[in-house]
Amino acid sequence: MPGSQPALLYVFLALPVLYLVGFVGFPIAYNLMMSVQEVNLGNITEFARPFVGLDNYRTVLADESFRKVLVNTLLFVGFNVVAQIGIGLAVALFFAQGFPGAGFLRGLLLCSWMLPALVVGALWKWIFATEYGVANYVLQGLQLTGSPIHWLSDPAVALTSVTLANIWFGMPFSMILIAAALTAIPKEQYEAASLDGAGAGARFWYITLPALRPALLAVASLVTIYTMRAFDLIFAMTQGGPLDASNVLPLLSYQFSFNQFDFGTGSAMGSFAFLIVFAVALIYVRTLKHEEVAG
Amino acid sequence: MAGPVAAQPKTVSLWHPFTLETDMIHGGIKTFNESQNDYRIDARIVPAPQMVTELIKAIASGSVPDLVTLDNPVVASFSAQGTLTDLTERVAKSTTVKPDVYFKGPWASGLWKQRIFAVPRDANTLALCYNADMFKAKGLDPDKPPKTWTELLDAAKALKDPAKNVYGFGFSAVQAEEGVFQFLPFLHQAGGAVDKLDAPEAAEALAFWADMVKDGIASRDVINQRQYEVTNTFMAGNAAMALCGPWELPRLQNEAKFEWRLALLPVKAGKDIAASALGGYNWVVPKGAKSADGAFRFIEFMSDPKILNEGWKTGRLAPRTDVTVADPLWPQAYAIYRKQLESARARGPHPQWPDISRAIQMAMQEAITGAKPPAAALADAARKIKPILAKTPL
């Protein structure tokens, strides 16, 4: 029956579209709707709530915390993406050398990634404790610092501390994706290059890196998305403090919604977070398309 | 088939955060279920930090539990916005839940516009924990704990020992409600008030904290320590004295390897205002509960002095004045907390307490990190709180 085939195609096409509309489109649309309404505990069950136009967005933009937290978020995400990919790539290359036990050790690294974020947060809070924490103990033992560093209680340092913790937490994920992409590069290319007299540096630059490009792009966008969501780790480490120094948009949005019960403003903040993720995803998709055309 | 048909008991769904098996709620549920055939309590443990989030989700989806224990400062937000069942009529008819037998603070935390939206389940407050061994080692008399701010400061100075990572005093100034809970006693002792944060009394209280951190008497990490972490540093011997609540007693008993004792919170000499913060859980029945009558029956059951007596086993004080634990565990601690409860003040009640709290948190953090002088930080907080209080005064 040739006629049934297009019909079946439409059915299969409709399923993912319906899924996307239902599980991705609806929450986004609902969040946008809430962000232009006054939503509190009393009317959260109702659908028609007072329309306030862009008031919530004005509140958000006028909020001192928000401006600081927006900058924090960009720094936090930026450093995480660069570091997780850089370190992940280095570690993946290291384990690709295939020494005895490499596979096992690489697997072991993944353990940290499987821990719940709240547990990792508690662990790092302990590591970064000023008086009895491991970080200061080691640094002072090696005489790298004289006085203890106030990792989590100094507003100038707190963001760095939570960034370090999140890099440690997320890096194995990047590493394993990059490692998988590494194995896909045909060995013959390296052999041929070696015969032509290419050194390790040249082989990395002209073979490994171009072959990894799509994978690195995918990892970059995934890390951006995961890092944008990473609020439980920060919640456990600092609750966003001191003075919002380590706060990020999703946590601030959570605080506005579930601590202050101001769901409209919380949603407006959510919209900003969505915009950032959406922009990154768009750049990724466009670049990948470009790659395919070029390739 | 003749014979009596047993009526099917109605299910009353209950959410609570009490994980300790010895908490009175577990025995209470069991006895209540066995004592009658009308209702069955179906309990679900929701971790304390998620309780509000879960309840909001339940309200938003229109399917709420029948009974919830809610942290008392958020009750006003829920009741003022019409999400709780008004219990006024039921309380009026009740023979166990009688408003005049409750401590003022706990009872006030369940009221909104003269209507009763919550019944206190338990109460707690803060006291001064101190390490008697360290007192002796430094030549201080453990039988004479500090009674005033000056004595507290002197003792803390004598007790601190930077070489051993020992601080004189520990408290929580974290950017969360817990920090405010620990700061309010000092604010009130200084003669300050939440609605007058720009007054010099408030600045004195905050300066007292900020200076202790600046002078190395308290750790800079207090800005990031939650209450249980403050107790951790006390138990680990890194703080000689600390603010702690009675809920920590089971842990202190199991884990502290030294002689710990409790004292009433020191007052400010000259002012002599005894003050403490009030904590604890309230029973609330969300609006739309299917079994509100059953829920209230259980509230009455749990409010019986016989059950409330059991609360002290996990460091929960009874919110009623007519309950005295006859033979308490930790008798010294019990006497201190029972006395301290008399001066414990409710936070709010105010529907926008979380906003007020956030403004105070910021001021605390600004002063302690040195970002702003205490007076300036509090003046900014007062400015933020002003429009909120203009709409609904405290």
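**Exercise 1. Work out how many residue pairs are in polar contact between chain B and chain A, and which elements of chain B touch chain A.**

Let's start with the count: between chain B and chain A there are 18 residue pairs in polar contact, both partners at pLDDT 80 or more. Keep in mind that this is a predicted model.

Next, look at the chain B side. Elements giving two or more residues there are α2 (51-61), α3 (72-80), α10 (227-235) and α15 (353-369) of chain B. Of these, α15(B) gives the most, with 7 residues. Sorted by type, the residues on this side come to 14 nonpolar, 13 polar and 7 charged.

**Exercise 2. Find how much area is buried between the two chains, and which chain B residues lose the most.**

About 2900 Å² is buried between chain B and chain A, and carbon and sulfur atoms give 54% of that.

Now pick out B:R220: it forms a salt bridge with A:D154, with the closest N and O atoms 4.0 Å apart. The interface has 3 salt bridges in total.

**Exercise 3. Locate the disulfide and say which parts of the chain it ties together.**

Over all chains the count is 1 disulfide. It joins B:C129 to B:C244, S to S 2.0 Å. B:C129 sits in strand β7 and B:C244 in strand β9 of chain B, so the pair ties together parts 115 residues apart in sequence.

What about handedness? The S-S torsion of B:C129 and B:C244 is about 65°, so this disulfide is right-handed.

Finally, check accessibility. B:C129 is buried at 0%, and B:C244 is buried at 2%, because buried means under 20% relative accessible area.

Definitions and conventions. Residues are numbered from 1 along each chain as its sequence is written. Chains are lettered from A and ligands numbered from 1 in the order in which they are written. This is a predicted model: local features need pLDDT of at least 70, side-chain atom pairs count only at pLDDT 80 or more; totals for chains, interfaces and linings use all residues. Side-chain values use heavy atoms; hydrogens and water are left out. Buried area is the accessible area (1.4 Å probe) that two parts lose on being put together, summed over both. A salt bridge is a side-chain nitrogen of Lys or Arg within 4 Å of a carboxyl oxygen of Asp or Glu. A polar contact is a pair of N or O atoms within 3.5 Å; within protein, one must be able to donate a hydrogen and the other to accept it, and residues adjacent in sequence count only if both atoms are side-chain atoms. Helices (H or I, at least four residues) and strands (E, at least two) are DSSP runs, numbered from the N terminus. Ala, Val, Leu, Ile, Met, Phe, Trp, Tyr, Cys and Pro count as nonpolar, Asp, Glu, Lys and Arg as charged, and the others, Gly among them, as polar. A disulfide is a pair of cysteine sulfur atoms within 2.5 Å. Buried means under 20% relative accessible area, exposed over 50%, partly exposed in between (1.4 Å probe, protein chains only).
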